[in-house]
Amino acid sequence: MSALFQPLQLRDTTIPNRVWMPPMCQYSAAPEGPLAGVPGDWHFAHYGARAVGGTGLIIVEATGVSPEGRISPQDLGLWNDTQADAFRRITDFLRSQGTVPAIQLAHAGRKASTAQPWKGGAPVGPDAHGWQPAAPSALAFDERHPVPTELTTAQIEEIVGQFADAARRALAAGFEIVEIHGAHGYLIHEFLSPHSNHRTDAYGGSYENRTRFALEVVDAVRAVWPDDKPLFFRISATDWLEEGGWTPEDTVRFAADLQAHGIDLLDVSTGGNVPRVRIPTGPGYQVPFAARVKAGTTLPVAAVGLITDVRQAEKILANDEADAVLLGRELLRSPSWAQQAARELGDMGDTVRMPDQYGWGM
């Protein structure tokens, strides 16, 4: 059996193969009113197509733990039961296709309240359903973004509780795995990095203080998330700064801390916290960061970053650089990538299958 199509067991959850879909925002929910943050037909069709295509694990896009935690007013949310109930239609269908349903819980911090990217992605105000962002420190992301409100310790505690509440709703909604979003310059990443965290209290300064909020979130979610279900954490392994930022060495150290607090897999990405930083992109450009964590810890890792080719993906796993591959834009282009890969590798079987509705005529 090829490496791509071996099952992966995490706690009591078996993921049928190693071809996974990472969180990719669709910016397609209602911005306000009773349907704010509620998944609709677009989300059902979007995720359902990738499940029909054989994807082993689908991580639903960054989902706000509060209205103010959304990246855009059109983001999904899990701050009320109406949202949780609507997700059940999606999780039921994904499971019916053999796909494990997961969801990423997020707070956008200082990068919140922006327009949909195809409308420019600039910050928006109350006239466009926006709000005032909050962050560890009163430092704007860039010259376009407003200066965020610096969070008080009481507000930090409240957000920790919001993550836990959203995890409870994720369970009720039928998700098998929760991923905590600690990457791409959003709130948890903002606390981790000295570039964006200039606090002088218990949440800033030293490595231990800057990681405190993230670990409090992990502990709060793990406390309400069943022991038999996996918990993931997404991280930006580097800020791509020569100094003054979060580093790959920090990531390896933090991976061990996360594992000790109940994280079962690290989803390794990079960047997002510093505007206009130079990132040397290319096929698999972020894989070495996942490989570094895997070599330096016993925590399972998933790799992402311009993974598009079947042989490339197979090699990443066969070389033990990661335990799974996350295909982002490639799965947008090719919803049935997993089935195509299985045919190319001669490995169509129990871990990826063609639906009967299609397979009988192939």
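Let's start at His-129. This residue is partly exposed, with a relative accessible area of 30%. Here, buried means under 20% relative accessible area, exposed means over 50%, and partly exposed lies in between, with a 1.4 Å probe and protein chains only. His-129 sits in the loop between strand 5 (100–106) and strand 6 (134–135). Its phi is positive, about 70 degrees, although His-129 is not a glycine.

A word on what we are looking at. This is a predicted model, where local features need pLDDT of at least 70, side-chain atom pairs count only at pLDDT 80 or more, and totals for chains, interfaces and linings use all residues. Residues are numbered from 1 along each chain as its sequence is written, and side-chain values use heavy atoms, leaving out hydrogens and water.

Back to backbone angles. Arg-276 also has a positive phi, near 60 degrees, and is not a glycine. Its place is the loop between strand 10 (265–269) and helix 8 (287–296). Arg-276 counts as exposed, at 65% relative accessibility.

Now the whole chain. How many helices and strands are there? The chain has 12 helices and 12 strands. These are DSSP runs numbered from the N terminus: H or I of at least four residues for helices, E of at least two for strands. The radius of gyration is 19 Å, close to the 21 Å that the globule rule gives for 362 residues, so the chain is as compact as a globular protein of that length. That radius is taken over C-alpha atoms, and the rule is 2.2 Å times the number of residues to the power 0.38. Buried residues make up 60% of the 362.

Next, Phe-191. Is Phe-191 buried or exposed? At 0% relative accessibility, it counts as buried. Phe-191 lies in helix 4 (residues 187–192). Beyond neighbours within four places in sequence, its contacts include Pro-136, Leu-151, Tyr-203 and Arg-210. Contact means heavy atoms within 4.5 Å. Ser-137 is 54 residues away along the chain, yet the two C-alpha atoms are separated by 8.6 Å.

On to charge. Side chains of opposite charge can pair when their charged atoms come close. The structure holds 18 salt bridges. A salt bridge is a side-chain nitrogen of Lys or Arg within 4 Å of a carboxyl oxygen of Asp or Glu.

Take Arg-169 and Asp-81, whose closest N and O atoms are 3.1 Å apart in a salt bridge. Arg-169 is in helix 3 (residues 153–172) and Asp-81 in helix 2 (residues 81–96), so the pair ties together parts 88 residues apart in sequence.

Arg-222 is buried at 10% relative accessibility. Asp-264 is buried too, at 12%.

There is also a network. Salt bridges link Arg-88, Asp-92, Arg-95, Glu-176 and Lys-229.

Last stop, Asp-250. It belongs to helix 7 (residues 248–260).
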